[in-house]
Amino acid sequence: MALQTKKPKLKKCRVCPERFQPMNSMQVVCSVPCSIALAKKQLAKDKAEDEKRKRRDARARKQALLTLSDWVKKAQKAFNAYVRERDREHGCISCSKPANAIEALTGGYWDCGHYRSTGACPELRFEPLNAHKQCKQCNNQLSGNVVEYRINLINRIGAENLEWLEGPHEPKRYRIEDLKQIEAHFKALRKELIKGMGE
Ligand SMILES: [Zn+2]
Ligand SMILES: [Zn+2]
C-alpha cells in the first residue's frame, strides 16, 4: 500500500454528483443551492407522510363507525369477488351459460350465487363449496335456480361435499375481528389467482 497521505476525505453530496470537502461531519451537501434542494425535498417528504397519516386516520375513524353487519357485507363482498375469480373459466353454475357468452361480455353480468342462501343458511355464507359463479338472471330472477344448480354442483364438487353442504351446520357467531380476517383472507386469495394468471 502507498504511504498514507494527509489528504482529507471527500464526501459525496447528497443532492448532486459532486464530491466536496466537508467543514464538519454534519455537512451532507456541497453548496447552498444543494442545501436548499435538500430542504425542499425533505419538506415534500414530510408533507407526503403527513397526508398519508391523515388518510390512514380518516380510514380508521370511518372503520370505527362500521357495525357488525357492515363488516359482514364487506367480508361477503370480498368472498363473492374471490368466487367469481375462481370460477373465471366456468359458465353459470345453473343454466351453464358459457363464460364468454355475448351477454356476459359486458361487466357486471355475473354474481356469486350461494347454493344454500345466506338468509337460510348464514353459517355457509363464506364456504367456497357453497358458492359458485352464477348469471344474474339465475341468481335474481330465478331465485338461485337451485334445481339446476344442484345438478351441476354434484359434478363440480362431488356427491360427498354436496351431502355435507345439505347437512346440518353449527351456527357461527362472527365478531368484527373475524370478519376483518375473512375479508383480508379472500382478498388475498383473489389477488393470488389474478397474479397466477399473469404468469
Ligand atoms: Zn451538491
Ligand atoms: Zn344462469
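**Burial.** I looked up burial and found that 29% of the 199 residues of the protein count as buried, where buried means under 20% relative accessible area, exposed over 50%, and partly exposed in between (1.4 Å probe, protein chains only). I note that this is a predicted model, in which local features need pLDDT of at least 70 and side-chain atom pairs count only at pLDDT 80 or more, while totals for chains, interfaces and linings use all residues. Residues are numbered from 1 along each chain as its sequence is written, chains are lettered from A and ligands numbered from 1 in the order in which they are written, and side-chain values use heavy atoms, with hydrogens and water left out.

**Fold.** I counted 6 helices and 4 strands in the protein; these are DSSP runs numbered from the N terminus, with helices being H or I of at least four residues and strands E of at least two. Their order along the sequence is β-β-α-α-β-β-α-α-α-α. The protein is more spread out than a compact globule, so its radius of gyration, 29 Å, is well over the 16 Å that the globule rule gives for 199 residues. That radius is taken over C-alpha atoms, and the rule is 2.2 Å times the number of residues to the power 0.38. I also noted the span of the C-alpha trace along its principal axes, about 90 × 40 × 35 Å.

**Contacts.** I took contact to mean heavy atoms within 4.5 Å. Of the contacts between residues at least 6 apart in sequence, 61% join residues at least 24 apart.

**V28.** I found V28 in the loop between strand 2 (19–20) and helix 1 (32–64). Leaving out residues up to four places away in sequence, V28 touches K11, K12, C13, R14, F20 and L38. K136 is 108 residues from V28 along the chain, and their C-alpha atoms are separated by 63 Å.

**Cysteines.** I searched the whole structure for disulfides and got 0. A disulfide is a covalent bond between the sulfur atoms of two cysteines; the search takes a pair of cysteine sulfur atoms within 2.5 Å. C112 is in no disulfide, and its nearest cysteine sulfur, that of C92, is 12 Å away. C112 is buried, at a relative accessible area of 8%, whereas C95 is partly exposed, at 34%.

**N80.** I located N80 in helix 2 (residues 68–86). N80 is buried, with a relative accessible area of 17%. Not counting residues up to four places away in sequence, N80 touches C112 and H114.
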